[in-house]
Number of protein chains: 2
Amino acid sequence: MNNAVGFESALDGYRQRVDAALKERLPPQGNTNTPLESAMRYATLSGGKRVRPVLIYATGEALNASADALDVLACSIEFMHAYTLVHDDLPSMDDDDLRRGVPTCHIKYGEAQAILAGDALQALAFTTLASSLRGLLPDSTILQMIELFGQASGVNGMAAGQAIDLQSVGQALTLEELEAMHRLKTGALIKASTLLGALCSPEVDDTILASLREYGDAIGMAFQVADDILDVVGDTQVLGKQQGADIALNKPTFPAIMGLERARDYASQQRDRALDAIAPLDNQFDLLRQLAIYVVNRTC
Amino acid sequence: MNNAVGFESALDGYRQRVDAALKERLPPQGNTNTPLESAMRYATLSGGKRVRPVLIYATGEALNASADALDVLACSIEFMHAYTLVHDDLPSMDDDDLRRGVPTCHIKYGEAQAILAGDALQALAFTTLASSLRGLLPDSTILQMIELFGQASGVNGMAAGQAIDLQSVGQALTLEELEAMHRLKTGALIKASTLLGALCSPEVDDTILASLREYGDAIGMAFQVADDILDVVGDTQVLGKQQGADIALNKPTFPAIMGLERARDYASQQRDRALDAIAPLDNQFDLLRQLAIYVVNRTC
């Protein structure tokens, strides 16, 4: 396994790589003489941890997948993720003013343009897959990926999670209900990232996919528990978003349900579940191991 | 060419057919114990002229396309259309309270659920294509369709049109600018409908596609000019939406730019352009001819 410095530099490398690819694939500013393209670029390029692209790269490279195909997937998943952030931040949703250390999209561009930018980013996510993977992967694999993407993002995935989230404000959820919500809202796309990266490779088989499915589920949950903990103990400056926002909205969180210490233990358990899931895989997958540790230890 | 009664009954038949297919393909109510699925069904199943599905059926059947594939496409295009209506009606967009004779989605379900329902409908539109056409059409054709769909709906299509529309409130547009806006906002998906229907058939060739492209462009424009005229002379009860809404919002329209009579002439010119475009095609395409007349003469 690489040391911590090596891991950080691998993360940085992937982030720079996806940022460059995103800049190329986003529509140029001013095509329509409206703020639309600018709002789309702002929502996508204002930093971010790029956890989903990193998962795609790390999984795909462990399986010797095509670098070009991984770039396309990394962009698509960030378009999709960026759209959900823009819409989740809207006044009628979480009403957040700050994201990644800068004003949220609707604060900067107004609500209507922010809704539209999100809509156009979702369309771009799907269109990028359908147009830019052709020739790099078999057509049947691309269709399988678009279906997986749709499952993770729509009424069986993120949209459902957000609907449950909205309804859960002020409610006392059980741990099972909270997990079910986050499995849809955050987990589905994180899990899809590992699977998409793997599906890029002709080397993938059902055993590897099963391991990655379990790994993705576990680090999705670990990521969310860590997020909830950071909402309590984090620093707004470092987080880039308002610390205490969940508490202010009276949202159910892991620390609220089980207390801070038990929530920390729970995050560690999920990390260990992720590590166990890929224990049978070779050292090509070490970056995924380091990622499982990173998502729990991160400070932003 | 069939008589008027035959045409009306063909329209009704297609509407019933797409409604039945939509009911089957929409998520069942209550899956998430939130109003999400209910809002999606409400937005999609509250009537509507179903012009886009009718175009898909009429074009596809003229070319002996698979009936099952046409049903899938008709549903996808209505999911996409329904999502744009829900988002366009939002308070920060056109702020409409009435649609198809019933309260708009955000009036009935609240703004947050309406945004989410639109988001989930867009995802469903793409996912339905990727999952339900497999086996019915070649994978490469399905990918081509998803790309066409994305082009028509995203930053190069409807989303751009809506962005220009938002920016044009109170502006004096030229005829060319107004046309360019509607070519994106309404025209792109109407044109895509005729192309998608045709692409379902192995009988289609480049000559037919070129005719249909021109036809789709012309009836898209005819449809929009007629829409603008109905905003002036229509009846709220028959329209199912507020008559005079464009005027109230100070939106540029064809009657506002050129006066009512010249706008009527212009709609007729576009209808004739549509008819000319498909003049070389055989009488299998007669329903498209009747549709071109219908979109201009309609009262709602």
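In which crossing, left-handed or right-handed, does α9(B) pass α10(B)? The legends below refer to a predicted model.

**View 1. Helix α9(B) crosses helix α10(B).** The crossing in which α9(B) passes α10(B) is right-handed. Helix α10 of chain B covers residues 206-233, and α9(B) packs against α10(B) at an angle of about 135 degrees. The axes of the two helices are 8 Å apart. That angle makes α9(B) oblique to α10(B), because angles over 145 degrees would count as roughly antiparallel and those from 65 to 115 as roughly perpendicular. On the side of α9(B), the residues in the contact include B:Glu179, B:His182, B:Arg183 and B:Ile190. On the side of α10(B), they include B:Leu212, B:Tyr215, B:Asp217 and B:Phe223. Sorted by class, the contact of α9(B) with α10(B) has 10 nonpolar, seven polar and five charged residues.

**View 2. Helix α9(B) bends at B:Gly187.** This helix of chain B runs over residues 175-199. The bend at B:Gly187 is about 55 degrees. B:Gly187 is also one of the α9(B) residues that make the contact with α10(B). Most of α9(B) is covered, as 19 of its 25 residues are buried.

**View 3. Chain B touches chain A.** Each chain puts 43 residues into the contact. On the chain B side, four helices each supply at least two residues: α2 (36-45), α6 (111-132), α7 (139-153) and α8 (158-168). Helix α6(B) gives the most to this side, with 14 residues. By class, the side of chain B that touches chain A has 22 nonpolar, 15 polar and six charged residues.

**View 4. B:Gly110 sits in a loop of chain B.** The loop lies between α5 (105-109) and α6 of chain B.

**View 5. A:Ala21 lies in helix α1 of chain A.** This helix covers residues 4-25. With 19 other C-beta atoms within 10 Å, A:Ala21 is partly exposed. Leaving aside residues up to four places away in sequence, A:Ala21 touches A:Asp71, A:Ala74 and A:Cys75. A:Gly157 is 136 residues from A:Ala21 in sequence, and the distance between the two is 26 Å, C-alpha to C-alpha.

Key: Residues numbered from 1 in each chain as written. Chains lettered and ligands numbered in written order. Predicted model: local features only at pLDDT ≥ 70, side-chain atom pairs only at ≥ 80, totals over all residues. Bend = angle between axes of the 7 residues up to and from the residue. Buried ≥ 20, exposed ≤ 12 C-beta atoms within 10 Å, placed from the backbone. Contact = placed C-beta atoms within 7 Å. Nonpolar A, V, L, I, M, F, W, Y, C, P; charged D, E, K, R; others polar. Axes fitted to C-alpha atoms, helices over the stretch in contact; angles between N-to-C directions. Parallel < 35°, antiparallel > 145°, perpendicular 65-115°, else oblique. Left-handed = near helix turned anticlockwise from the far one by under 90°.
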